[in-house]
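Subject: Structure for your records

Hello,

Please find the structure below. My notes on it follow.

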Amino acid sequence: MAGAVSTFPTKVAAPRRATAESPLVKTLLVGTLLVFFGIFLVLPLFVVFQQAFSKGVEVFLKTFEDRATAHAVKLTLITAAVAVPLNAIFGLFAAWAVTRFNFRGRSLLISLIDLPLWVSPVIGGLIYVLIFGRQGWLGPVFFPSPEMLSSNFIARFIYDNNIKVIFAAPGIILATVFVTFPFVARGLIPLMQAQGHKEEEAAMTLGANGWQIFTRVTVPKIKWGLIYGLILCNARAMGEFGAVSVVSGHIRNKTNTMPLHIEILYNEYQFAAAFAVASVLSILALVTLIIKTYAEWQAERQLRAAAETGE
Amino acid sequence: MSIHIRNITKTFGKFVALNDVNFTVGGGELVALLGPSGSGKTTLLRVIAGLEFAEEGNVLFGDRDVTRQSAYQRRAGFVFQHYALFQHLSIFENIAFGLRVRQRSQRPPEPQIRARVEQLLETIQLADFAKRLPSQLSGGQRQRVAFARALAIEPEVLLLDEPFGALDAKVRKELRHWLRRFHDTTHLTSLFVTHDQDEAFEVADRVVIIDQGAIQQIGTPDEVRESPANSFVEEFLDLDGTIPA
């Protein structure tokens, strides 16, 4: 699930075209697609669940009683609980800014929002090591020398309160925020672009203030686009491996998230346990898929409604 | 309540959208702002509503200088060309919106809101449609809802931006007559933007002809038709062939 980059609904429902291809070509194409899906999607998913339950339901359930596993689940939930709201706020601001205003560097900003989608997640983790790590920019503050401790009150404060970023939860959250930040913005931008802001203007002439316009007009308009973005953001936040792996340090009971824990279990030949945890992530993926499809459908409906009324 | 536009100048970058525009809409008057597309008429209407701000000049509602006020403080009733109804709200709630967003101290109690909305639904002959969504209505019906929504806040002036522009010819005629009758009973000061001279001449008490951000002529339909002020007005009116040769 890590690295599963999804496509975004950037199109406004195109009219259906009659195809000129012969039925044979159609069968061939659809057949190839189905075989491909079977081999690369359905089969692996089936194997995950089959392996997870290979030693029975009891072993499956026991996996989650294990302290290290329970901790990994907890850390993953905390990470998502911080990263998703942060990116919801960022995504809303970004989508608002690029769809409502025309400013210098606007198209550059739109491209930059996508950056985490095209760089390797490892780099997403590495940048934080280069900032907060022992050899990094802020290394002297986070890993202070005795002189630094006595002269710099920030370093002192960090040391006294035992604040850590790298090889700790804050680093994991930072790396997760980095890799997930395009999702909400990308879910909203096409929707907000198509809808325009006539309804907001109407609300303004009716005496609504900024907050009322936002909560009563804008949020209902973009609701499904927002949910769509949030659900993808959440899936990626929980499933991210690469970026988190770099900053985590893989300390059991401390800095292991579910994907990292799966790797550890697997390397220790605890296959049933590894697949049990993997199956939970897979279920998350399936639930995400269902909600995503529904949200997509609703968002398209909102787009169509906007198009129909000539906005 | 009269509307006074004084020395309004508005630019978009280097483009001068409005160039020192002056005129007054008298209290209880129905005035049409007529001009070709790109003439600045919609910009002027938006400046009056507070949706756009001019670099120079003043806008007054009666004695009240509203130049520095934002749209939500001015509370001019505004009707958009493409209705701009709230898609997620029922017709009833669309009309009630302006009353519901008022501060608690000024908000009418629920039964009063209800009564007001129902009365407006009667006026626009859509009483049976209260629970529907805008997407379930025809264009003409939607525009009537937009009227009612703007009227619900009891505005002192009514501004209409090409209100019939998106409708087909038959509905357009009907709504035109409806607007004139409505105005004759309420005498609500109204300014409407149009590029259609038939519409302007048929509905309005007075017509303001605008081109390239400047007023070309102001007068009653008869005055304008009989003595066009300059060659632009003459040509603009001639183009559609409405003046008998």
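Ala84(B) lies in the loop that joins strand S6 (77-79) to H3 of chain B; helices (H or I, at least four residues) and strands (E, at least two) are DSSP runs numbered from the N terminus. The phi of Ala84(B) is near 55°, a positive value in a residue other than glycine. Ala84(B) is also buried, with 28 other C-beta atoms within 10 Å. Buried here stands for 20 or more other C-beta atoms within 10 Å of the residue's own, exposed for 12 or fewer, and partly exposed for what is in between, with C-beta atoms placed from the backbone.

The model is predicted: local features need pLDDT of at least 70 and side-chain atom pairs count only at pLDDT 80 or more, while totals for chains, interfaces and linings use all residues. Residues are numbered from 1 along each chain as its sequence is written, and chains are lettered from A and ligands numbered from 1 in the order in which they are written.

A positive phi, of about 50°, also occurs at Glu154(B), again not a glycine. Glu154(B) sits in the loop between helix H5 (139-152) and strand S7 (157-161) of chain B. Glu154(B) counts as exposed, having 11 C-beta neighbours inside 10 Å.

On chain B as a whole: there are nine helices and ten strands. Its radius of gyration, taken over C-alpha atoms, is 18 Å, close to the 18 Å from the globule rule for 245 residues, so chain B is as compact as a globular protein of that length. The rule is 2.2 Å times the number of residues to the power 0.38. Buried residues make up 43% of the 245 residues.

H3(B) and helix H4 (residues 110-123) of chain B pack at about 125°, their axes 10 Å apart. Axes are lines fitted to C-alpha atoms over the stretch in contact, and angles run from 0 to 180 degrees between N-to-C directions. That angle makes the two helices oblique, the class left after under 35 degrees (roughly parallel), over 145 (roughly antiparallel) and 65 to 115 (roughly perpendicular). Phe92(B), Ile95(B), Ala96(B) and Leu99(B) of H3(B) meet Ile113(B), Arg116(B), Val117(B) and Leu120(B) of H4(B), where contact requires C-beta atoms, placed from the backbone, within 7 Å.

Finally, the contact between the chains takes 24 residues from chain B and 20 residues from chain A. On the chain B side, helix H2 (71-74) and helix H3 (91-100) each supply at least two residues.

Regards

Conventions: Contact = placed C-beta atoms within 7 Å.
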